[in-house]
Amino acid sequence: MEKRVTFRGWLLPILLIAPQIVISLIFFFYPAAQAVWQSLFIPDPFGLSARFVGLGNFEFLLSDPFYRASFFTTALFSILVTAFAMVPALFLAVLADRLIKGSSVYRTMLIWPYAVAPAIAGVLWLFMFNTRVGLASWYLGQFGYDWNHVLNGGEAMGLVVLASAWGRISYNFLFFFAALQAVPRSVIEAAAIDGAHFWRRFFTIVLPLISPTTFFLLVVNVVYAFFETFGIIHTITAGGPQQSTTILVYKVFADGFVGQDLGSSSAQSVILLFVVGLLTVIQFKYIEKRVHY
Amino acid sequence: MKKTLLSILTVAATLLAPVSAIAQTEITFWHAFTGRLGELVKAQVADFNASQDDYVVVESHKGNYSETLNAGIAAFRAGEQPVILMVYEVGTATMMATGGAIKPVYEVMAESGAVFDPDAYIGAVKGYYTTTDGDMLSLPFNSSTPVLWVNRDAMKAAGVNPDTDMSTWEQVDDVLTQLKAGGAECPLVTAWQSWIHLENFSAYHNVPFATKDNGFAGLDTELKLNGKAQVAHLSKMAEWAKDGKFIYTGRRNEGGANFRAGECALFTESSAGYAGISSEAKFDFEVRHLPYWKSITRSPQNTIIGGASLWVMANHSRDEYKGAGAFLSFLSRSDVQAEWHQNTGYLPITIAAGDATRASGFYDKNPGTDVAVIQMTAKQPTANSKGLRLGSFDQIRGIIDEELEAIWSGNKTAQQAMDSAKRRGDALLRRFESANR
């Protein structure tokens, strides 16, 4: 028999959710509506005049082969960042979970990078891989590898992926670690008695049991890769070389906040909104089916 | 120290005695300078405030160049704009095109009754910020121009005579070959590639960078950076890049670190690099004129400036404009300018300030600091060398950077890359034109 707690009347429940609704309206729906509205205009930066162009901004963007190419760049970047942020985090969490002594020390140290601001992280990685004075590029040079991310697009992509994923590993680690701790020991012990070795137990018991966390992290990390990485890209590559690290949100930032082209920037935000909306629907519709709560 | 103390006292005085200050008009001034430059700006403001009782200039730092411009724009939209806003040269067209947001400096000066003689300003400096009719729209504040920096020790180490004439790129070409043969790992490096090797290159060789007098004569301008001269220069640089004679380090001034560390022999960079290079370089360095191609021009034109100017924003009171006028004419005073020029390495904005600096013996004590001044003032600027006024110029520079990277990596020829830059840049210029019609 399911127990339901219900409110009598409407006033109290509405009052209780009102703050959240108001915050969403002011900080999410209102700006989103503004972006959609502004995407129909070519305004001057000072807001003195705006020319209505209908879907002209979208036409301008989508007819630009460089803009279309940045969809592919974004997809590649997001997949790589998500993978590099989640897989090592899970691996580290599994190892930390197995520790008997000193696990809190490891835990603390693994969480540290999360405290570093994205732009600072960008500068740190940039410094390590500086083509001339960087420590990492010097070691690579010792092995005969000529590191040059200012001209090599693949290396530039690798570097921004690494810098973006690095801080994120800590965040993911925290969630994975908590999820692993919540897996009932008895189930694992039963499997162990049946003779299942560690990795078999991991893939058949642990992984399915932590799948809600994994799914949550997947959504959160994709959103991170889409929206929060422009600081890192701005400091490391500024979208280059050529356009090899120009992801969609970086172009929104560069066109809107540096280039003052608010019409195009708004149109790009709207496109991005659709892309992410679509992705989230796909994630919830297809991937969530395989999640066991 | 005395100045810092003075500025602290001024600030303290303004904070502590708002009532006793009888009808002092506050002039807000937003700028983009931190560190040593920020201190120098603070000192200028404190000196001005101490020099008279009618106005108080209140300066505040609003982030880097583009952040400051953004802050100004956002403030204007909210009706909270400062009286004076610092805008970098790339934002000039944005400020100009928006008639309603600014009050031209020549008008401010005329109305304020301050001493203002447009002819006192160096042509090539003020030209960037004047209309085709000669009206000054904003006051040049910090300006610099590209020069050639030479590491004499690196030249010697590679067995090249450091006194070799490098006035022309033809001569530089020979020197680069010798440097490479002598084992130099980084013969040539550059900062701000688009600014130096396209914008300034075009002005210096008196070829257009864009139609309509580089955008001064109208918004319906088109890029001309795929011209014969530019493509020839970039093709040669591509060759140098392929042979390891020109090392590409990035879109901004990343190359400065390599040069200051003594790795590179030649470095094309702004004259304002003086402060950093003179304090860090542990080698014998020298400033030369930017080279030119003898095959393109027999004697070079002037180079153009980079840096920022001060704009007076619209919708302020008469008193505030009067105060702004007084402050701007204070900044133009030759003693103030000479001090600024000598402390920062930026160009003086008035001819008198340059003369005063020369008379004081500063150039003799700091050889090379006058190269930029001579390079700017040797000739009267032409329509091709007055400056650039292109909308969306920040994005266009981004496009140029991308296309140049395609050249350096060998993906495109110089001609292909510049044709593509023109096509993509023109599309942005048309957008800007329709936004500001």
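Helix α20(B) gives the most to the lining of the largest cavity, with 4 residues. That cavity has a volume of about 130 Å³, and its lining residues closest to the centre include A:Gln260 and B:Phe432. This is a predicted model, so to speak a computed one, in which local features need pLDDT of at least 70, side-chain atom pairs count only at pLDDT 80 or more, and totals for chains, interfaces and linings use all residues. Residues are numbered from 1 along each chain as its sequence is written, chains are lettered from A and ligands numbered from 1 in the order in which they are written, and side-chain values use heavy atoms, with hydrogens and water left out.

**Cavities**

- A search of the whole structure turns up 4 cavities of 30 Å³ or more.
- A cavity here is a set of points, on a 1 Å grid over the protein atoms alone, where a 1.4 Å probe fits but cannot get out, and lining residues have an atom within 4 Å of a point.
- Grid points are joined across faces, edges and corners, and a volume is the space filled by probe spheres set on the points.
- For the largest cavity, 16 residues make up the lining, and the closest to its centre are A:Gln260, A:Asp261, B:Ser392, B:Phe432 and B:Ala435.
- At least two lining residues each come from β1 (41-43) and α13 of chain A and from α20 (414-435) of chain B; helices (H or I, at least four residues) and strands (E, at least two) are DSSP runs, numbered from the N terminus.
- Sorted by class, that lining holds 7 nonpolar, 6 polar and 3 charged residues, where Ala, Val, Leu, Ile, Met, Phe, Trp, Tyr, Cys and Pro count as nonpolar, Asp, Glu, Lys and Arg as charged, and the others, Gly among them, as polar.
- The second largest cavity comes in at about 100 Å³, and of its 13 lining residues the closest to the centre are B:Ser271, B:Gly345, B:Gly368, B:Thr369 and B:Ala372.
- Chain B elements β6 (146-151) and α18 (371-377) each supply at least two residues of the second largest cavity's lining, which splits into 8 nonpolar, 5 polar and no charged residues.

**Second largest pocket**

- The second largest pocket has a volume of about 830 Å³; a pocket is an open set of grid points with protein on both sides within 12 Å along at least five of seven lines.
- It is lined by 29 residues, and A:Pro31, A:Ala35, A:Phe257, A:Ser266 and A:Ser269 are the closest to its centre.
- Two or more lining residues come from each of α1 (11-38), α12 (248-258) and α13 (262-287) of chain A, and from α3 (65-77) of chain B.
- The largest share, 9 residues, belongs to α1(A).
- By class, this pocket's lining has 20 nonpolar, 8 polar and 1 charged residues.

- The axes of α12(A) and α13(A) come within 8 Å and cross at roughly 160°; axes are lines fitted to C-alpha atoms, for helices over the stretch in contact, and angles run from 0 to 180 degrees between N-to-C directions.
- That angle makes α12(A) roughly antiparallel to α13(A), on a scale where under 35 degrees is roughly parallel, over 145 roughly antiparallel, 65 to 115 roughly perpendicular and the rest oblique.
- In the loop between α12 and α13 of chain A sits A:Gln260, which has a positive phi of about 65° although it is not a glycine.
- A:Pro241 is in the loop between α11 (230-236) and α12 of chain A, and the peptide bond from A:Gly240 to A:Pro241 is cis, with omega near -10°.

**Helix pairs in chain B**

- Helices α11 (residues 228-242) and α19 (residues 393-408) of chain B pack at about 50°, with axes 9 Å apart, and are therefore oblique to each other.
- Their contact residues are 7 nonpolar, no polar and no charged.
- Helices α14 (residues 318-332) and α15 (residues 334-344) of chain B pack at about 60°, with axes 5 Å apart, which makes α14(B) oblique to α15(B).
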